[in-house]
Amino acid sequence: MEFKDHVCELLNTIDACQVFFDITVNFDLTKNYLDLVVTYTTLMTILSRIEERKAIIGLYNYAHEMTHGASDREYPRLGQMIVDYENPLKKMMEEFVPHGKSLSDALISLQMVYPRRNLSADQWRNAQLLSLISAPSTMLNPAQSDTMPCEYLSLDAMEKWIVFGFILCHAVLNSDAAALSLWKLALQSSTCLCLFRDEVFHIHKAAEDLFVNIRGYNKRINDIRECKEQALSHAGSMHRERRKFLRSALKELATVLADQPGLLGPKALFVFMALSFARDEIIWLLRHADNIQKKSTDDFIDKHIAELIFYMEELRAHVRKYGPVMQRYYVQYLSGFDAVVLNELVQNLSVCPEDESIIMSSFVNTMTSLSVKQVEDGEVFDFRGMRLDWFRLQAYTSVSKASLGIADHKELGKMMNTIIFHTKMVDSLVEMLVETSDLSIFCFYSRAFEKMFQQCLELPSQSRHSICFPLLCTHFMSCTHELCPEEVFTVSPPQRHHIGDRSLSLCNMFLDEMAKQARNLITDICTEQCTLSDQLLPKHCAKTISQAVNKKSKKATGKKGEPEREKPGVESMRKNRLLVTNLDKLHTALSELCFSINYVPNLAVWEHTFTPREYLTSHLEIRFTKSIVGMTMYNQATQEIAKPSELLTSVRAYMTVLQSIENYVTIDITRVFNNVLLQQTQHLDSHGEPTITSLYTNWYLETLLRQVSNGHIAYFPAMKAFVNLPTENELTFNAEEYSDISEMRSLSELLGPYGMKFLSESLMWHISSQVAELKKLVVENMEVLTQMRTSFDKPDHMAALFKKLTSVDSVLKRMTIIGVILSFRSLAQEALRDVLSCHIPFLVSSVEDFKDHIPRETDMKVAMNVYELSSAAGLPCEIDPALVVALSSQKSENISPEEEYKIACLLMVFVAVSLPTLASNVMSQYSPAIEGHCNNIHCLAKAINQIAAALFTIHKGSIEDRLKEFLALASSSLLKIGQETDKMTTRNRESVYLLLDMIVQESPFLTMDLLESCFPYVLLRNAYHAVYKQSISANA
């Protein structure tokens, strides 16, 4: 109500003063007058669209009465206004009858501006509009115009002025041809206008409904219908062509200014014109695409809109970056030219009242006092007072009885308009950018906004411009108002518009989608490169070698007509440059999208800073993690897994592609590698998902080593690998392909020291469970073993006691399993040492030197720390620290340390006296070719030495003494079978004898001299001779 009263009062005052309006002369006064009329009209129209308006004011009055004890005294007037303005435009047409002269004068002054702005793209093209290079000789000349502020005036605003203005003073359409021309041109350009945000006003229907009830307006109604047909059939294509022209014009402008930013001084007007023109076309498209009134929608779908917005953002960035350049130019312009010209104009005025003279003189003095030094010193300029004075002066000089009438001194008005533009170039560049290129309207068309973004990403040629969408989210803060702070962030009720929240969520969504798209392209490139790397694997060369051999021997190979397999590298051979492969397309699309991601280091939206590159880094980390685990191709059902060497090849191919991303985007890809690959060395990654470390550890323990325990695989020391044995049920994998030196090195490369440590700990856990079972068997046979420990020199008594032992085979089997696990661990440790020696040779040699020079008298705790360091580097140790840790965690609370020590000693006795039983096993035959036994009993040597060293380190016993005792018992037991006559019992006697030699060779605590004192060397020599002879005869 108050606003309406003030507006009516002001309009009456303006009419009474017979104010002169001309947009080309008193620009600010005319513009603000027209804005006032349109704002008033818009407000009343929106008010009429509130469905429950009567109920709302009724509730307001009731609340006022409850609060203050009486109803609002303005309530009757407010209620009457709501009733009167049921049809707001009809009511306002009656209201504006007395204001018709002033309003029509202001509108008709647009005839010099609006038709010039509302030209076709061909006319713009022919005039070479916005081109800096069309006339090189005038490139440095300042862009000048008599109507400076009108050049970048919003076309959308002018159309609102014309449509609403001529509806309110419609009588002038019948009497003035210029007014009718403007009216028709506006009606042909658009089908709807923006009232407020996404609220629109359908021009033709509203105008026709209003004029249909006015007598003698049939001609005007026909004009409206013709214009509507014209708008529906031609407006879409006309605006489409304009956008097409502006894309190329803004691209040229942005490119030239990027190269020569100094041109921003003289050609600043071109920049703001370009921004305003582009902004108008984008808003027109957005508004009409959401309110289509024709069947064909092609003209309202612009897949290249992102390009236009992008070039707008480039121009905005140039203005912000080179603001000081523009300031220097216009400070000199104002002081050196504008002040002089204005002073001359003032001097030549025939009449100049004192007040106007004072204001004019202050303008001249303000401009004359400017200097470049102020710019260099970073002084903050403020010409708002000067601009406000000029506004006041326009008001003084535009009334009919003014002594100095601006209508008679139009040159003065035009000159001052130019000066005002120049002052804005010094102190109001940010405000000028908002005025000419603000696209915060997108906040209220979020569905269209998201659709444009998706179209941009789908078109590879446009994806380089996709960054413009997150950048647009920075505009949204300009569509809020200090009188409505609750719109900024979420407050109750939740259904309100929350501009701050929306801009943050949209910006986040856009950057996330861009990063996802880039990640998907990178993944596709990685897949292609992994396929190419796979072609170079050794397994694929067998066929080529076979063909070459057969060709030499002239054998027929395969079927005729069988296509020859393409050799790796064929994909790089090009017949011509026009040939484009899928990889080329992917690289092109990626480079375009990465340009966009790399365009700005960060962008600020509502006090939040977004970094586009971090989104890409984050997505690459997640995808790289999933890809590595996926490339293992682990199948839990069939227990299949990729060979470590093949996985390593794929990972390296993947990493090579990721490293190339640094050529497109400024990101630290090493950080991605460190984060991902280090997580893969742990049991679980940061998301709690299994890693390659856990998958391979699980596979080697549960699949490979389990089959070794089942007798399907044997460890071949000569080959340093586990090999499949011929069995009835063939295994689904070849153990050698997963456990030879090259595969174990590849595994070490993939898992790293941390992963190999986890593998070792898992192996040790299995060993500790076997030792726990062995201890139970020892406890069961404790009395017999205690007697046997002291009776080894009494053969008959020993034989009798041996028969009392139970679970002898179980003890040997469990010790063999321990030996197999330790043999696998030694392969893994050796591979780790080889890998680390390549990567960190100096560090490994230092650790090795440290280990080799531990004094014998060193405290065991200190020694164990050194061993732990050495073990982590893959170096073999006398005492395995991982095994010590695993076994020490087994200590039982119910058994005293002395008892534990005794059980450990008796375990060694049990194993020693059980060795002769191996001779009766048909699988215990020693094979010189593999340097071991097919039933893996050669692994007992490692098991006995490692278990003894660990147990007696834990129980603080003498490892050397206990092993000597073991050697004495074992020698005595094995010498007995030399006297046996049963061939079945002694079938592999010689092969079992060799175990003693293996135990001594494996042990750092036993010597051959010691063995010689217990077991004649001649027996060992004869045993070796016998097994080699037996092997030759078997092969023959």
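Biologist: Buried means under 20% relative accessible area, exposed over 50% and partly exposed in between, with a 1.4 Å probe and protein chains only. What kind of model is this?

Modeller: This is a predicted model, in which local features need pLDDT of at least 70 and side-chain atom pairs count only at pLDDT 80 or more, while totals for chains, interfaces and linings use all residues. Residues are numbered from 1 along each chain as its sequence is written, and side-chain values use heavy atoms, leaving out hydrogens and water.

Biologist: Which residues touch the most other members of the largest nonpolar core?

Modeller: They are Leu 250, Phe 272, Phe 442, Phe 624, Leu 704, Leu 705 and Phe 722, in a core of 264 residues. A nonpolar core is a set of buried Ala, Val, Leu, Ile, Met, Phe, Trp, Tyr and Cys residues joined through side-chain atoms within 4.5 Å. Apart from this core lies another of 64 residues, including Trp 161 and Phe 211.

Biologist: What is Leu 705 in contact with, leaving aside its neighbours within four places in sequence?

Modeller: Leu 705 is in contact (heavy atoms within 4.5 Å) with Tyr 700, Phe 722, Leu 763, Val 820, Ile 821 and Phe 824. Three of these names return in a cluster linked by ring pairs, whose members are Tyr 696, Trp 699, Tyr 700, Tyr 715, Phe 722, Phe 733, Tyr 738 and Phe 824.

Biologist: How many aromatic pairs does the count come to?

Modeller: The count is 37 aromatic pairs. Rings of Phe, Tyr and Trp (its six-membered ring) pair if their centres lie within 6.5 Å; planes under 30 degrees apart are stacked, over 60 edge-to-face and the rest tilted. Tyr 329 and Tyr 330 are edge-to-face, because their ring planes stand at 80° with the centres 5.0 Å apart.

Biologist: Is Tyr 329 buried, exposed or partly exposed?

Modeller: Tyr 329 is partly exposed, at 24% relative accessibility, whereas Tyr 330 is buried at 3%. Another aromatic pair, Phe 381 with Phe 383, is stacked, at 6.3 Å centre to centre and 10° between the planes. Phe 381 is buried at 9% relative accessibility, and Phe 383 is buried at 4%.

Biologist: Turning to charges, what sits over the ring of Phe 595?

Modeller: The charged end of Arg 464 does, 3.9 Å from the ring centre. The rule requires NZ of Lys or CZ of Arg within 6 Å of the ring centre and within 35 degrees of the ring normal. Lys 267 likewise lies over the face of Phe 270, at 5.4 Å from the ring centre.

Biologist: How many disulfides does the structure hold?

Modeller: The structure holds zero disulfides, a disulfide being a pair of cysteine sulfur atoms within 2.5 Å. For Cys 456, the nearest cysteine sulfur is that of Cys 468, 6.0 Å away. Cys 456 is buried, at 1% relative accessibility.

Biologist: A new topic: how many bridges join strand 5 to strand 6?

Modeller: Four bridges join these strands, residues 713–716 and 721–724, which run antiparallel. Strands (E, at least two residues) and helices (H or I, at least four) are DSSP runs numbered from the N terminus, and two strands pair if DSSP finds at least two bridges between them. Phe 716 stands opposite Ala 721 in strand 6.

Biologist: Which residues point one way from strand 5, and which the other way?

Modeller: Ile 713 and Tyr 715 point one way and Ala 714 and Phe 716 the other, and all are buried. In a regular strand the side chains alternate between the two faces of the sheet.
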